[in-house]
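Biologist: Could we go through this fold together? Please begin with the terms you rely on.

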Amino acid sequence: MNGHDAGVDETGRLIRDAAGFLLQRDVGGTYRLVLLRVPVDHVEKRVRIRGWRVGDDVVEVEGVAAA
């Protein structure tokens with residue numbers, strides 16, 4: 001599976017902090033996001049992310065879109 005653990009397709013609120021970006025998940029908890037592009041238009045808004053889980057609560061994101 002490309003060296004990644006599992007596919008992720010979730011919605012939640014995109015939050016920016018000093019270390020980067022987090023997804024505050026609709027189902028509870030958070031994911032630290034590894035992003036190639038900075039989604040400034042989506043910060044502090046509800047989004048849908050798709051990507052791959054690459055560690056404990058860390059997701060390498062392929063895409064961010066408005067939910």
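Modeller: Two strands count as paired if DSSP finds at least two bridges between them. Strands (E, at least two residues) are DSSP runs, numbered from the N terminus. This is a predicted model, in which local features need pLDDT of at least 70, side-chain atom pairs count only at pLDDT 80 or more, and totals for chains, interfaces and linings use all residues. Residues are numbered from 1 along each chain as its sequence is written, and side-chain values use heavy atoms, with hydrogens and water left out.

Biologist: How many bridges join E1 to E2?

Modeller: Six, and the two strands run antiparallel. Within that pairing, Arg25 of E2 is the bridge partner of Gly12.

Biologist: What does Arg25 touch?

Modeller: Leaving aside residues up to four places away in sequence, Arg25 is in contact (heavy atoms within 4.5 Å) with Glu10, Thr11, Gly12, Thr30 and Tyr31. The side chains of Arg25 and Glu10 are also joined by a polar contact of 2.9 Å, meaning here a pair of N or O atoms within 3.5 Å, one able to donate a hydrogen and the other to accept it.

Biologist: Which residue is the bridge partner of Glu10 in E4?

Modeller: Ile49. E1 (residues 6-17) and E4 (residues 46-55) pair in the antiparallel sense over eight bridges.

Biologist: And what do E4 and E5 form?

Modeller: A hairpin with two residues between the strands, where Asp57 in the turn has a positive phi of about 60 degrees. Eight bridges join E4 to E5, and Trp52 has Glu60 as its bridge partner in E5.

Biologist: In what order do the strands close into a barrel?

Modeller: The order of the five strands is E1-E2-E3-E5-E4, with mixed pairing.

Key
Helix = DSSP H or I, 4+ residues; strand = E, 2+ residues; numbered from the N terminus.
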